[in-house]
Amino acid sequence: MRGCITKVSSEAECSVRKASDFVSRIFGSVSGHDLLLKGITTLILASGSILILIPFLYMISTSLKDPAQIRSDSTSLLPRKQKTAEVNGTLEPLYQVTLDGQVHEYALIKNAPGGLGQFVDPARPDLIYELKINEQKQLYRWDIHWENYPEAISAMPFWRYLGNTLIVTFVGMAGMLFSCSLVAYGFSRFRARWLNLLFLLLLSTIMLPSQVRLIPVYILFQRLGWVDTLLPLIVPQFFANAYDVFLLRQFFMTIPLELDDAAKIDGANPLQILLYIILPQARPALVSVGIFHFLYAWNDFYEPLIFLHSRENWTLAVGLQTFDALYTVNTHLIMAVSVLMIVPPILLFFFSQKIFTQGVVFTGIKG
Amino acid sequence: MTFPSLQKMSLARREALAGYAFIVPWIIGFLVFTIGPMLASLYFSFTKYNIVDPPQWVGLANYERAFSGIWDAIRTGDPRQFQDPLFWKALQVTIYYASIALPLNIAFSFLLAVMLNQKMRGINIWRTIYFLPSIIAGVAVTILWVRILNPRVGVLNPFLKDVLGIQNPPGWLSDPEWAIPALVIMSLWSVGGSMIIYLAGLQGVPTDLYDAAKVDGANAWQRFWNVTFPMMTPVLFYNLVLGMVATFQYFTQVYVATSNSIGGLGGPQHSTLFYNIYLYQNAFRYFDMGYASTLAWILFVIILILTALIFRSSDAWVYYEGQLRGRV
């Protein structure tokens, strides 16, 4: 079906065909049973996604409200204010009033008993209409407070926290990529007696709860004088971790050995093979492991909470939590910082979605 | 760069040596950050240790503190008989949460994955929406949910009251009865994280199995129950194990949701005193490193036992392709 260019088709026929064409394009195949199933699925997915999106909307809209709006209009998902008009020198809320089939914008000047209210046309305040208030529609206007963002940023050492978070995230990521590629290469390309056993040992540490080693590690860092610096969050990344080594190794295994052999014949040593053959081939895996690390380090709260004590060393996660405690009443500012905190992961997600989902699929395989 | 000694070595030995050389970073990390600290914390668990003074050997005292009173408590049904009632409270809270959150999480994420696995227009948009909450999990999201659930200024209760007509909506995080369900709701919002793993698993189910089932006249439900579900049990199993382990380490959400509230960390009335919160309190609030190490080792043993149990029971219900079952 390519639209309705043929002259023979009448207009009615054409629109029917257009409709069925549309439906079949949406739902793929058009067998009745399948269509019903897909219709129901779409319905469930759509209603579920509203539940997913409302908290986001609430977060963004609250970050753009002023405290008065949050108090009086807390359930609204839009940053808005009542539309008002001046009547006899005072500001009164405006309503959409339907009188004899005609729509007017009238102001409510006085509440009367029985849910009634006195409405007037702001232009002619002498004519008073008594109407049921809840039958009229209150009018709102946008009222967006962008200034919440600069205010929130200056209410806390935001840039300092951001700097710390970026250092922890990216220096840690570099360390992780460096160490994990070396180790994954060692586990994927060499035959040695103990390597398989060591690999099993490595895998077993995935299930190990970090709490069993946390206290002595804390004491170790304290003896080194590293507690309350960023080092405890960064340095361990340079010594590989089971999860990322596993993912990279699985990927390295899919790179044909013939490439290594060719390089060997050309006289390349193992390090050169890793640098010039394996790593360029493994770029998708490296990128997805890097993204996962970014998300982990950016959102991590537990370790920064334990290792960082003074205010100027905090990361955004710890800083935001404390900001929440100090500024509890200023919901709008807290939400503004929260929005700022979730924007980088979301941007990263959208820009790398393809690699990201591949990476997740890859992660899923290990089950 | 060549060393004369390397040249003399056999090819196999050189290969082995190179292999070991490349994994050196992990070996160092394993010794310094894993096995060494594990042994140290095992030692600390038999000591009284506050970091400032050297550890003092107390034998099994820490373990006694955790477990003693258990028989009296069971006999009389009175939790005050425990020497450390909070330890048992923490276990109870954790298991209670796991028993609600894990089944719901697995059911929701699996059904969601099945729905999102269909070939439909715009399916990628739905996948993105459902996956979104899981990439921002952490402090910001918890703060957001604390506001949403707030009985005075939040949006949820007015909705329950005005739209669904529920007269007395719960106080959520401020009510000891409803704090855990509130945390479960928060976790269900981020169900997309495990959904994506099921989705990956579903896409790994070979299509010829469905084709064969169709040829045999199986309808959509039969295809789901006899092909999809058995093929997915390994992934279900994997998520179950990881979910258990994660629950025993649940921390950030509870810390953010409760430490700034009137009920205090783990409150109200210890209703959110998760195991990991209690461990944190002992280690980094009271600096009782000996007892905290004991708690960590008990946690480790619990996770080992749970994992072993799940692995053993898995024989009955996990299907691995290429494995012959029911053979005597």
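User: Does B:Ile51 count as buried, exposed or partly exposed, and which count of C-beta neighbours decides this?
Analyst: In this predicted model, B:Ile51 lies in the loop between β1 (47-48) and β2 (56-57) of chain B. A residue is buried if 20 or more other C-beta atoms lie within 10 Å of its own and exposed if 12 or fewer. Because B:Ile51 has 15 C-beta neighbours inside 10 Å, B:Ile51 counts as partly exposed.

User: What is the phi of B:Ile51?
Analyst: Most residues other than glycine have a negative phi. B:Ile51 is a residue other than glycine with a positive value, and its phi is near 75°.

User: Where in chain A does A:Asp228 lie, and what is its phi?
Analyst: A:Asp228 lies in the loop between α7 (211-223) and α8 (231-234) of chain A. With 15 C-beta neighbours inside 10 Å, A:Asp228 counts as partly exposed. Although A:Asp228 is not a glycine, its phi is positive, at about 70°.

User: How many bridges join β3(A) and β4(A), and in which sense do the strands pair?
Analyst: Strand β3 of chain A covers residues 90-99 and strand β4 of chain A covers residues 102-112. One of the pairs across them is A:Thr98 with its bridge partner A:Val103 in β4(A). The two strands pair in the antiparallel sense, and the number of bridges is six.

User: Which residue takes a positive phi in the hairpin of β3(A) and β4(A)?
Analyst: This hairpin has two residues between the strands. The positive phi there is near 50°, and the residue that takes it is A:Asp100.

User: Which residue in β5(A) stands opposite A:Asn111?
Analyst: β4(A) pairs with strand β5 (residues 116-121) of chain A in the antiparallel sense, over five bridges. The hairpin of β4(A) and β5(A) has three residues between the strands, and A:Gly114 takes a positive phi near 80° in that hairpin. Across the pairing, the residue that stands opposite A:Asn111 is A:Gly117.

User: Why are α12(B) and α13(B) described as oblique, and what is the handedness of their crossing?
Analyst: Helix α12 (residues 207-215) and helix α13 (residues 220-248) of chain B pack at an angle of about 140°, with their axes 10 Å apart. Angles over 145 degrees count as roughly antiparallel and those from 65 to 115 as roughly perpendicular, so the angle of this pair falls among the rest, and α12(B) is therefore oblique to α13(B). The crossing of the two helices is right-handed.

User: Which helix of chain A gives the most residues to the side that touches chain B?
Analyst: The contact between the chains takes 71 residues from chain A and 72 residues from chain B. The side of chain A that touches chain B divides into 48 nonpolar, 17 polar and six charged residues. With twelve residues, the helix that gives the most to this side is α2 (residues 32-63) of chain A.

User: What share of the residues of chain A counts as buried?
Analyst: Chain A has 16 helices and eight strands. Among its contacts with a separation of 6 or more, 63% come from residues 24 or more positions apart. Of the 367 residues of chain A, the share that counts as buried is 35%.

Conventions: Residues are numbered from 1 along each chain as its sequence is written. Chains are lettered from A and ligands numbered from 1 in the order in which they are written. This is a predicted model: local features need pLDDT of at least 70, side-chain atom pairs count only at pLDDT 80 or more; totals for chains, interfaces and linings use all residues. Two strands pair if DSSP finds at least two bridges between them. Helices (H or I, at least four residues) and strands (E, at least two) are DSSP runs, numbered from the N terminus. Axes are lines fitted to C-alpha atoms, for helices over the stretch in contact, and angles run from 0 to 180 degrees between N-to-C directions. Angles under 35 degrees count as roughly parallel, over 145 as roughly antiparallel, 65 to 115 as roughly perpendicular and the rest as oblique. A crossing is left-handed if the near helix is turned anticlockwise from the far one by less than a right angle, and right-handed if clockwise. Two residues are in contact if their C-beta atoms, placed from the backbone, lie within 7 Å. Ala, Val, Leu, Ile, Met, Phe, Trp, Tyr, Cys and Pro count as nonpolar, Asp, Glu, Lys and Arg as charged, and the others, Gly among them, as polar.
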